[in-house]
Amino acid sequence: RVSFPVQKCMRIAYWFDKFENVDPYRIKGELSEDSWEISKMALQRIAGEKCQIWEITDPEGKVDGPFVIGASSQKQIQILKSLRVNSNDLLHIEGPHRLWLQKLPVFYYSLRLARSDAQEILDVDSGDDGTILGVCMCRPPTQDTLITWLQYLQERYPVLKNTTVVYNVTVLDDLYHWYDTNNDRCISRTKPLSLSEN
């Protein structure tokens, strides 16, 4: 008869193999080393496979070049097309929010509409704090790149120009994370800069 610690280790080894592929959203294979492709993959996992991807700026073939890429689900696009706002409604750009792709953390920002009255939008992305209208990833993650994303949405959906924008974000430097393939570990570094602007 084996000891209880050995039994526990044997059960763990048995069930780990059973649960290895239980995640239906598991990423198979190795991640791309291209930040542009990783960003598109991350946004599709957030907004859905059939989401609308907006390649706002092009990385121009540079591995570490600047870019802005946004996405909205089909539901969010329907809301944006039929949206009616008043001057007291607020748009909040919030983040960064962290998402893990295998062992790599990526960061994204969200655009949330907060209603000033009791008007409600029935949608899966709605909550007590408002409605999420889209998400974006950018490099470098600065206020200027977030403004580029917002201006792009305002051009496509002019109704967004009639609201006040509040930046509730922590801006990270360009080296806010990287992946150490030699030691098989993830390293993160953050230099926060609090921003708030009406």
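The legends below describe close-up views of a predicted model. Residues are numbered from 1 along each chain as its sequence is written, and side-chain values use heavy atoms, with hydrogens and water left out. Local features need pLDDT of at least 70 and side-chain atom pairs count only at pLDDT 80 or more, while totals for chains, interfaces and linings use all residues.

**View 1. The largest nonpolar core has 25 residues.** A nonpolar core is a set of buried Ala, Val, Leu, Ile, Met, Phe, Trp, Tyr and Cys residues joined through side-chain atoms within 4.5 Å. Buried means under 20% relative accessible area, exposed over 50%, and partly exposed in between (1.4 Å probe, protein chains only). The members that touch the most others are Leu91, Ile93, Leu111, Leu133, Leu146, Trp149 and Leu160. Two or more residues each come from helix 3 (74-82), strand 3 (90-101), strand 4 (104-114), strand 6 (130-139), helix 4 (143-156) and strand 7 (164-170). Helix 4 gives the most, with four residues. Helices (H or I, at least four residues) and strands (E, at least two) are DSSP runs, numbered from the N terminus.

**View 2. Trp149 and its contacts are shown.** Contact means heavy atoms within 4.5 Å. Neighbours within four places in sequence are left aside; Trp149 then touches Ile56, Val68, Gly70, Ile93, Tyr109, Ser110, Leu111, Gly134, Val135 and Cys136. Another core, of 19 residues, lies apart from the largest one and includes Ile27, Ile53, Leu101 and Tyr108.

**View 3. A nonpolar surface patch consists of Tyr14, Trp15, Phe19 and Val22.** Together these residues have about 460 Å² of accessible area, a value from the Shrake-Rupley method with a 1.4 Å probe, where only the protein chains shown count as cover for residues. Trp15 lies in helix 1 (residues 4-19).

View 4. Rings of Phe, Tyr and Trp (its six-membered ring) pair if their centres lie within 6.5 Å; planes under 30 degrees apart count as stacked, over 60 as edge-to-face and the rest as tilted. Tyr14 and Trp15 are edge-to-face because their planes stand at 85°, with ring centres 5.1 Å apart. Trp54 and Tyr157, both buried, are also edge-to-face, with centres 6.5 Å apart and planes at 65°.

Conventions:
Patch = residues over 30% accessible without salt bridge, like charges linked within 9 Å, V, L, I, M, F, W, Y side chains within 5 Å. Salt bridge = Lys/Arg side-chain N within 4 Å of Asp/Glu carboxyl O.
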